[in-house]
Amino acid sequence: MYSLLLIKPKSSPSHQPLVISGPSGVGKGTLIQRLINTHPNTFALTVSHTTREPRPGETDGVAYHFVSHDAFLSLISQNAFVEHAFFSGNHYGTSKKTITDQVAKGLIVVLDIEMDGVRQMRESNGSSSSVDARYVYIKPPSLESLEARLRGRGTEKEDDIQKRLAQARRELEYAEQGVHDKVIVNDDVDRAYKELEGFVFGSIL
Ligand code: ADP
Ligand code: 5GP
């Protein structure tokens, strides 16, 4: 189902896609943006499709491909996604195209996805259609700090914050299963970034 045969031969072990996950509001976007800004010729973020509404400042085709529910279902039926999930009332998915586009430029792709997407990619591991990726989990110092960050970001309404916090508990439990190659606690953003960079380059250089 998640056929990536076009991608596999181009991915050497040192250029494996980097899959970053963790609860909403933990700081994934902040850390990924810093990684890409610091190393623009090395990493590129995949542009997912989503049915959620754009936040102020988010541009279509840059933050996400913002699509209708019907358009998303149509892409599923065309087998366009590497993985896709339903999160907090909306669909999200990584297209095969967003990966192949960046890989073709010689860049290491970074995926910012939630746990069902990680699970799908993990489950395809070892099959002929698997994505040979590295999995990093960004963990909050506590649920209280996560809630404070989510509220502080000011991008979701109260009912969405509640849904995201409920999902955060599931994300934390999933990470306890030891499915990730690296777990980074995002306590201090500078410290956490150095740890991420160390992990990423530790296996590239
Ligand atoms: P995610 O992409 O995981 O949903 P964001 O990167 O949008 O999370 O971060 C959520 C909020 O938390 C943002 O307002 C961001 O500036 C803030 N933030 C990120 N890292 C830290 C940190 N280590 N300490 C405090 N606030 C942080
Ligand atoms: P947000 O609405 O805050 O941008 O994203 C909500 C959640 O969806 C985050 O945990 C983010 O990692 C996840 N997400 C974004 N794009 C994708 C995707 O393509 N696939 C999956 N499975 N999750 C995604």
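Me: What makes the pair formed by the side chain of Ser 95 and the backbone nitrogen of Thr 98 a polar contact?
Reply: This is a predicted model, in which local features need pLDDT of at least 70 and side-chain atom pairs count only at pLDDT 80 or more, while totals for chains, interfaces and linings use all residues. Residues are numbered from 1 along each chain as its sequence is written, chains are lettered from A and ligands numbered from 1 in the order in which they are written, and side-chain values use heavy atoms, with hydrogens and water left out. A polar contact is a pair of N or O atoms within 3.5 Å; within protein, one must be able to donate a hydrogen and the other to accept it, and residues adjacent in sequence count only if both atoms are side-chain atoms. A polar side-chain atom of Ser 95 lies 3.0 Å from the backbone nitrogen of Thr 98, so the pair falls within the limit of 3.5 Å.

Me: Why is Ser 95 called buried?
Reply: Ser 95 has a relative accessible area of 7%. Buried means under 20%, exposed over 50% and partly exposed in between (1.4 Å probe, protein chains only), so Ser 95 is buried. Ser 95 is found in β6, a strand, that is, a DSSP run of E with at least two residues; helices are runs of H or I with at least four, and both are numbered from the N terminus.

Me: How do you know whether Ser 88 is buried or exposed?
Reply: The relative accessibility of Ser 88 is 17%, so Ser 88 counts as buried. Ser 88 lies in the loop between β5 and β6 (90-95).

Me: Why is Asn 79 called partly exposed?
Reply: Its relative accessible area is 31%, so Asn 79 belongs to the partly exposed class. Asn 79 is placed in the loop between α2 (69-77) and β5 (81-87).

Me: What makes Ser 48, Arg 52 and Asp 112 polar contacts of ligand 2?
Reply: A polar side-chain atom of Ser 48 is 2.6 Å from an oxygen atom of ligand 2. For Arg 52, a polar side-chain atom is likewise 2.6 Å from an oxygen atom of the ligand. An N or O atom in the side chain of Asp 112 is also 2.6 Å from an oxygen atom of ligand 2. Each of these pairs is therefore a polar contact.

Me: Which residues are closest to ligand 2?
Reply: Ligand 2 is surrounded by 17 residues, and the closest are Ser 48, Arg 52, Tyr 64, Tyr 92 and Asp 112. A residue is near a molecule if one of its heavy atoms lies within 4 Å of it. β5 and β6 each supply at least two residues of this shell.

Me: Which polar contacts does ligand 1 have?
Reply: Oxygen atoms of ligand 1 lie 2.9 Å from a polar backbone atom of Lys 28 and 2.8 Å from one of Gly 29. A polar side-chain atom of Asn 186 lies 2.9 Å from a nitrogen atom of ligand 1.

Me: Which element gives the most to the shell around ligand 1?
Reply: α1 gives the most, with 3 residues.
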